[in-house]
Amino acid sequence: MNRKSILAGAVLLSGFLMASHAHAFSFFKCNGNPVVWGSPFQMVQNTLSIPFGTPPESSLDNAIGRWNGVQGMANMVSKAPFITIGSDLSIGDGQNDVATTGRAKLGGNSGLTFLIHNLCVLSSSWVEADVAVANDLTFGRVAEDSLTTTSGRSTFIHELGHAHGLGHAQGFNNMRASQPLPLVGGPNETVDVLPDDARAGRFLYPTGNGEVNLFASAQRRTSKDKIVLNNSGTITVCSKGGDTITLFSTVGNNGTITATQTERWWVSTSNQAHNGGTTIFQWNGSTFPANTVITRQVTFKLPALPVGTFFVFHGVDVLHEVQESREDDNNVREGVLLQVNNC
Amino acid sequence: MRYQEETSARRRPQFIGLLLTAILVVTSNTGAIADSIRAVENPLDALASTAAIVEGTIRENAYTFDPAAGPRTVATLADATADFGRLDDKTLPLATLGGPISEKQELFIPELPVLTDDTRYLVFLTNADWFFSPVVENYVFRLETDPQRGTDVLIAPSGRAVVGLSADGLEFSQEPVVDTQIDFISPHAKLRLRDGAAAQLATAMSKQDFLAAVRDLLKAAPLQGEFRSSPARDRVWNQITAEAAPLRDANPR
């Protein structure tokens, strides 16, 4: 660890509210035993509805990759080496199909997973999982500072959670019963397995390995169980500095090890300034326990800033004190603008 | 002959050959069709998809199987009364897709609500020509009495108590008041209240307040259509018809 004491001209004025969400993951049991797959399972891509090289395929691939990316959880799901090309897919044929279809054919749901398990006596296991996702969803990358209820990427990762044997769980996770689902920050993929999901996967399919990964998010879960943006709208301040602002800031620890590091808040006129920018606050030595998501309300005084309109960013492990399994999810653009006036 | 009366017991169902069409009460409404089903993102969407809001007690769950309708878990809602909309019968079979498909295997769809025995519920019944579940999305709420106030409160399928309802959405207690993990050895056993549930129930919205909020929302989204107690007959349970998504992408900043 190589922590430094930098305060960047800002002063923490007040305490902060903390909201830590303990695990809530859910799975299905038979006679008290988890229902799991006996061996890794393959999904057969229907290329009529999920053509090669299209955003739906990218969404599917992302979901498979993210679930397999959980360290400490066995790689359970993969794509089959063969495909289906027709429009009629069968449930109950022993083949795990994945396709998109019209929403009306899913009863209005964004996705459905049809799970078949051996009849429960003393224990049971999954024998088939067919995944169907509504084709009116948006399958492209989801902006980190958005709230969307129509993400196909989030739907695929949710349904593949069911395919692994996970049930719904209301937390800062992908297994929430409905969208919007939380996101991770960064310039790249924002739909990823989140701490509670990862913990569930490690529970059902353990390898014993650990993982270190922190991420920042522009969303938070409220005390009334809603996923909302941490910050939104525009905050107007004076260029001379000294104005006090309060921001919600969310950090998740997707890993198995508690991590202590340095956070930073900065502004930029570029909406892609995930690194760099002008620091407005820095906090050394904040700690995030394994498998948690914590949202704090941070209040601080702004330094002098140029007149203009700025995007606001928040980063975790900005000094690279922690070796992480994924580094491109540490910095997030918040959903708020800072308007600096000449005064 | 009633739907649930034809079924065998809980875990080892004997499969029957009668068609659902011959055994279900069917309404004469012509308004609800499959393509009226839409995404439910908020309570107004839910109400627009609702024919009636009813409450009653699930007396039992039983299984049926039909070659087209597939395996069904039929929860019998007894002593049913309508808070909004029309209800013609005091006993209502709620037939959700899922259940044994053979003597060795069972179909389970996690997105669909599970109703437990001997449990009171408030249910939003769909006005669509439904196939998977007769319930609008997850708008099915277990009713429990808050011991402090003596009033009924609602518990969502997530296990959390409902603490608010507005056009923006439902609001829930921070922590669940019941454990929702399903054990397939007894999937319809009533879920126990968690330790400390009483404190959360005390802060929950009363059923009366919930219904008053619904009444307000109905001004913007009145109930329409009628409830059909049988699943759509133009579908086959074990077939998915794949349809491609239009090529488009998000445009993140």
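1. A word on terms before we start: axes here are lines fitted to C-alpha atoms, for helices over the stretch in contact, and angles run from 0 to 180 degrees between N-to-C directions. Please also keep in mind that this is a predicted model.

2. With that in hand, have a look at helix H3 of chain B, residues 207–218. Helix H3 lies across S1, strand S2 (70–84), S7 and S8 of chain B, and its direction makes an angle of about 65° with S8(B).

3. Those strands belong to an open sheet in chain B, where 6 strands follow the order S3-S2-S1-S6-S7-S8 with antiparallel pairing. Its edges are strand S3 (92–97) and strand S8 (151–155) of chain B, each of which pairs on one side only. From one strand to the next, the twist averages 40°.

4. Strand S6 (residues 119–126) and strand S7 (residues 135–146) of chain B are joined in the antiparallel sense by 4 bridges. B:Leu122 has B:Phe141, in S7(B), as its bridge partner.

5. Now to the nonpolar packing. The largest nonpolar core holds 150 residues, and the members touching the most others are A:Leu160, B:Val123, B:Phe124, B:Leu154, B:Ala161 and B:Val162. Strand S1 (residues 50–66) of chain B gives the most to this core, with 7 residues. Chain A takes part too: at least three residues come from each of its domain 1 (29–204) and domain 2 (212–341).

6. Which residues is B:Val123 in contact with, leaving aside its neighbours within four places in sequence? They are B:Val54, B:Leu77, B:Val135 and B:Val140.

Key
Residues are numbered from 1 along each chain as its sequence is written. Chains are lettered from A and ligands numbered from 1 in the order in which they are written. This is a predicted model: local features need pLDDT of at least 70, side-chain atom pairs count only at pLDDT 80 or more; totals for chains, interfaces and linings use all residues. A nonpolar core is a set of buried Ala, Val, Leu, Ile, Met, Phe, Trp, Tyr and Cys residues joined through C-beta atoms within 7 Å. A residue is buried if 20 or more other C-beta atoms lie within 10 Å of its own, exposed if 12 or fewer, and partly exposed in between; C-beta atoms are placed from the backbone. Helices (H or I, at least four residues) and strands (E, at least two) are DSSP runs, numbered from the N terminus. Domain bounds come from an automatic or database domain assignment. Two residues are in contact if their C-beta atoms, placed from the backbone, lie within 7 Å. Two strands pair if DSSP finds at least two bridges between them.
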